[in-house]
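Have the viewer open as you read.

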Amino acid sequence: MSLGEKDPNSYLVPAEPVMTELVIKKSRFICWIYPVENRQQALAQVVTLTEQYPDARHHCWAYIAGPPEGATQIAWSDAGEPQGTAGKPILNVLQHHGVGNILAVVVRYFGGIKLGAGGLVRAYSGATQAAMEALQTTPKVATEEFVVELGYDQESRFKMLMQEYGVELLESTYGVSVCYTLSVPVNELKSFAERVTSFSKGQLQLKPATIPLPNKC
């Protein structure tokens, strides 16, 4: 990869939460940015902020779970504001910055002066933009999820192999055999899959996490 060329196997994510505030025509727009891994985390954080600011008029939000380009988990909410004036403008700012695994929540305290549709779009976009400018980011390697079925006698050696390739164990189930759900770095996937085959003499097979394993796990 040449100098300045973007690594296709990694993307930027928030390093830590950040909060900024804008006051526009007496309305307060408090924007929180959080790192999130999935829809469940994003919605749980929205609930937390709603409870943190119970007297606010609106809690508008948008998130991108996964890489910023081609992410399948994207959603937004106007949270009572006129349709298209809050959630989508927040999302547009997030997409423009090319950051993944990100949630933005803009909390609005109404100041008594109506802004109109155009004013709301500018206010929510501006609040999100201010938070994004304050945000610190860090690279994250893109991953894919797989499942594998192991014998109990293979488990300890397989864990060593996972560690060697930076593979994360997301879930384990113990039954007649052992079932692992794995998060595998995309840039290590080919080599890791080959080592799994060699390690087990062809007995083990990585399968996409969307394909269920036999019930004996």
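1. Tyr174 stands opposite Val178 in β10. Strands β9 (residues 168-174) and β10 (residues 178-185) run antiparallel and are joined by six bridges; strands count as paired if DSSP finds at least two bridges between them. With three residues between them, β9 and β10 form a hairpin. Strands here are DSSP runs (E, at least two residues) and helices are runs of H or I of at least four, numbered from the N terminus.

2. A word on the source: this is a predicted model, in which local features need pLDDT of at least 70 and side-chain atom pairs count only at pLDDT 80 or more, while totals for chains, interfaces and linings use all residues. Residues are numbered from 1 along each chain as its sequence is written, and side-chain values use heavy atoms, leaving out hydrogens and water.

3. Do look at Ser177, in the loop between β9 and β10. Ser177 counts as buried because its relative accessibility is 7% (buried means under 20% relative accessible area, with a 1.4 Å probe and protein chains only). The side chain of Ser177 also makes a polar contact with the side chain of Glu149, at 3.0 Å (a pair of N or O atoms within 3.5 Å, where one must be able to donate a hydrogen and the other to accept it; residues adjacent in sequence count only if both atoms are side-chain atoms).

4. Next, helix α2 (residues 87-97): its buried residues are Gly87, Pro89, Ile90, Leu91, Val93 and Leu94. After α2 comes Gly98, with a positive phi near 65 degrees.

How values were computed. Buried < 20%, exposed > 50% of the residue type's maximum accessible area, 1.4 Å probe, protein only.
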